[in-house]
Amino acid sequence: MGNKLIQNLKKLQNTEKAAIQQKFFKTGKGQYAEGDLFLGVVVPEVRKIAKKNLSLQLEQIHELLVNKYHEVRLLGLLILTYQYEIMTKNRDEEGQKKIVNFYLSNTKFINNWDLVDASCYKILGEYCYQNKLDDILSNLSYSSSIWERRISVVSCFAYIHKNELNFFYSIIPRFLNDNHDLIHKACGWMLREAGKKNKLQLKNFLKNNFKVMPKIMLRYSLEKFSEKEKFDILK
């Protein structure tokens with residue numbers, strides 16, 4: 001089944017789009033996704049295929065995750081995400097746990113920011129929030145892998161969505177000195193989302209930390225503020 005899905009994706013290959021994607025996702029020598037390969041298949045097409053193949057077993061999904069093509073790995077992650085949502089609706093706790101363990105054991109294949117963002121908070125974030133397993137995300141925040149660190153940050157979206165902000169604000173200071181802009185952007189994004197839930201809490205965090213925050217993190221976090229509010233925070 002896994003090989004059949006890979007062939008289905010290859011039939012949709014678009015070399016012009018693939019060339020654009022490889023530049024956009026920084027696949028050149030020395031860049032964060034060095035060597036990643038693209039087929040040039042757009043995300044909506046990948047989602048269509050995923051929704052039609054939700055019966056795949058974890059072993060078959062693993063075949064997709066280890067594939068060299070970016071869209072094939074995305075397909076595997078989307079199927080996994082949809083399966084987790086179904087198990088949540090069915091209250092299948094054992095099935096949820098299996099998917100989370102599988103996800104954690106395959107993070108090395110979740111190796112670009114879009115792959116992280118499309119899957120982590122819907123699987124790992126939801127699971128950690130529901131089962132009070134903050135330590136899983138906390139441990140990932142110390143990882144040497146940029147992708148595992150980004151997983152820890154973006155997974156907090158599940159907490160923020162539920163209006164639980166304390167855990168997120170407890171780990172965000174760890175990333176103020178992170179050396180990668182993909183982490184800075186993720187933190188800024190989550191800070192902005194947290195501000196939608198509690199603007200005062202975000203203001204207080206920014207007032208206490210704006211001097212040491214990476215500029216791009218600060219800029220992302222301030223996007224929903226008026227010019228006057230920005231001035232009051234930064235003055």
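Is S155 buried or exposed? In this predicted model, where residues are numbered from 1 along each chain as its sequence is written, local features need pLDDT of at least 70 and side-chain atom pairs count only at pLDDT 80 or more, while totals for chains, interfaces and linings use all residues. Side-chain values rest on heavy atoms, with hydrogens and water left out.

S155 has a relative accessible area of 0% and is buried (buried is under 20%, exposed over 50%, partly exposed in between, with a 1.4 Å probe and protein chains only). The residue sits in the loop between α9 (146-154) and α10 (156-161); helices here are DSSP runs of H or I with at least four residues, numbered from the N terminus. Leaving aside residues up to four places away in sequence, S155 touches C120, Y121, L124, G125 and L137, contact meaning heavy atoms within 4.5 Å. Its side chain also reaches the backbone oxygen of I151 at 2.7 Å.

Turning to the aromatic rings, a search of the whole structure finds 11 aromatic pairs. Rings of Phe, Tyr and Trp (its six-membered ring) pair if their centres lie within 6.5 Å, with planes under 30 degrees apart counted as stacked, over 60 as edge-to-face and the rest as tilted. F24 and W113 make an edge-to-face pair, at 6.1 Å centre to centre and 70° between the planes. Because F24 belongs to helix α2 (residues 15-24) and W113 to helix α7 (residues 113-130), this pair ties together parts that are 89 residues apart in sequence. F24 is exposed, at 52% relative accessibility, and W113 is partly exposed, at 23%. Ring pairs also link F24, F25, F38 and W113 into a cluster.

Notes. Helix = DSSP H or I, 4+ residues; strand = E, 2+ residues; numbered from the N terminus. Polar contact = N/O pair within 3.5 Å; in protein donor to acceptor, adjacent residues only side chain to side chain.
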